[in-house]
Amino acid sequence: MEAAGTGQASAEPYSQIIASFHQYYNKTLCYDADHRINWRDQQEHARQLVSRIKTLHVKNKNIEKDLHNAKDLAQEVTLSKDRTALVYLHRVFHDLDKAVNHYKQKDSFGYTYTGTGKRWFGGGVNKVEGYIAKN
C-alpha cells in the first residue's frame with residue numbers, strides 16, 4: 001500500500017503498527033472495557049490508524065487485504081460509534097499480531113487472511129467483509 005496519490009511508502013514497518021494497535025485495543029476493550037468505551041479516544045485512534053495504513057507499502061497480499069479491511073473498519077469507527085466495527089477491528093489486529101509478530105495467545109478469531117485463524121474458525125473474514133459491505 002502506498003500513500004494515496006503520492007507514491008510515497010512509509011518507513012514504519014507494518015509489524016510495528018500491528019503490535020501497537022493491538023496493544024491499544026487490548027488495553028481499551030478487553031475485560032468488559034468494551035461496555036464503557038471512550039468514543040472520542042477510539043475515534044481519534046481510528047483516524048490515526050487510517051492515516052498510517054494509507055502510507056504503508058505491503059508486499060504480502062494477505063496482509064495487504066487484512067490491513068485494507070482494518071482501514072475500512074476504522075473508517076466506520078471514525079464516522080459513527082459502531083461498537084461492532086470496533087470489536088471486529090480488535091479481532092483483526094489480534095489475529096494479525098499472532099501471525100506477523102508471533103503474539104503469544106492460544107485463541108484466534110479467524111478474522112484475517114493471514115495466519116492460521118482463518119482455518120480454525122472459518123468464515124471470520126467473510127463476517128468482517130460482509131459487515132464492511134453493508135455499512
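This is a predicted model: local features need pLDDT of at least 70, side-chain atom pairs count only at pLDDT 80 or more; totals for chains, interfaces and linings use all residues.
Contact here means heavy atoms within 4.5 Å. The axes of H4 and H6 come within 11 Å and cross at roughly 145 degrees. These axes are lines fitted to C-alpha atoms, for helices over the stretch in contact, and angles run from 0 to 180 degrees between N-to-C directions. The crossing of H4 and H6 is left-handed.

Residues are numbered from 1 along each chain as its sequence is written. Local features need pLDDT of at least 70 and side-chain atom pairs count only at pLDDT 80 or more, while totals for chains, interfaces and linings use all residues; side-chain values use heavy atoms, with hydrogens and water left out.

The protein has six helices and zero strands. Its elements run α-α-α-α-α-α from the N terminus on. Helices (H or I, at least four residues) and strands (E, at least two) are DSSP runs, numbered from the N terminus. Of the 135 residues, 44% are buried. Buried means under 20% relative accessible area, exposed over 50%, and partly exposed in between (1.4 Å probe, protein chains only). Among contacts with a separation of 6 or more, 60% join residues 24 or more positions apart.

The largest nonpolar core holds 31 residues. Such a core is a set of buried Ala, Val, Leu, Ile, Met, Phe, Trp, Tyr and Cys residues joined through side-chain atoms within 4.5 Å. Tyr-25, Leu-49, Leu-67, Leu-73, Leu-89 and Phe-93 touch the most other members. Two or more residues each come from helix H1 (14-29), helix H2 (39-54), helix H3 (61-79), H4 and helix H6 (124-134). H4 gives the largest share, seven residues. Leu-89 is in contact with Tyr-25, Leu-49, Ala-70, Leu-73 and Ala-74, leaving aside its neighbours within four places in sequence.

Aromatic rings were then examined. A search of the whole structure finds seven aromatic pairs. Rings of Phe, Tyr and Trp (its six-membered ring) pair if their centres lie within 6.5 Å; planes under 30 degrees apart count as stacked, over 60 as edge-to-face and the rest as tilted. The Tyr-88 and Tyr-111 rings have centres 5.3 Å apart and planes at 80 degrees, so this pair is edge-to-face. Tyr-88 lies in H4 (residues 83-101), and Tyr-111 lies in the loop between H4 and helix H5 (117-121). The pair therefore ties together parts that are 23 residues apart in sequence. Both partners are buried: Tyr-88 has a relative accessible area of 11%, and Tyr-111 has 5%. Tyr-111 also forms an edge-to-face pair with Phe-109, at 6.2 Å centre to centre and 75 degrees between the planes. Phe-109 is partly exposed, at 27% relative accessibility.

Elsewhere, Phe-21, Tyr-24, Tyr-25 and Phe-93 form one aromatic cluster. A charge also meets a ring. The charged end of Lys-65 sits over the ring of Tyr-113, 4.2 Å from its centre. This assignment requires NZ of Lys or CZ of Arg within 6 Å of the ring centre and within 35 degrees of the ring normal.

His-22 lies in H1. With a relative accessible area of 1%, His-22 is buried. Not counting residues up to four places away in sequence, His-22 touches His-90, Phe-93, His-94, Asp-97 and Tyr-103.

Several loop residues were also examined. His-102 lies in the loop between H4 and H5. Its phi is near 60 degrees, a positive value in a residue other than glycine. His-102 is exposed, at 53% relative accessibility. Ser-80 is placed in the loop between H3 and H4 and is partly exposed, at 26%. Leaving aside its neighbours within four places in sequence, Ser-80 is in contact with Trp-39 and Gln-43. Ser-80 and Gln-43 are 37 residues apart in sequence, with 8.4 Å from C-alpha to C-alpha. His-35 lies in the loop between H1 and H2 and is exposed, at 59% relative accessibility. His-35 and Arg-83 are 48 residues apart in sequence and 9.2 Å apart in space, C-alpha to C-alpha.

Technical notes: A crossing is left-handed if the near helix is turned anticlockwise from the far one by less than a right angle, and right-handed if clockwise.
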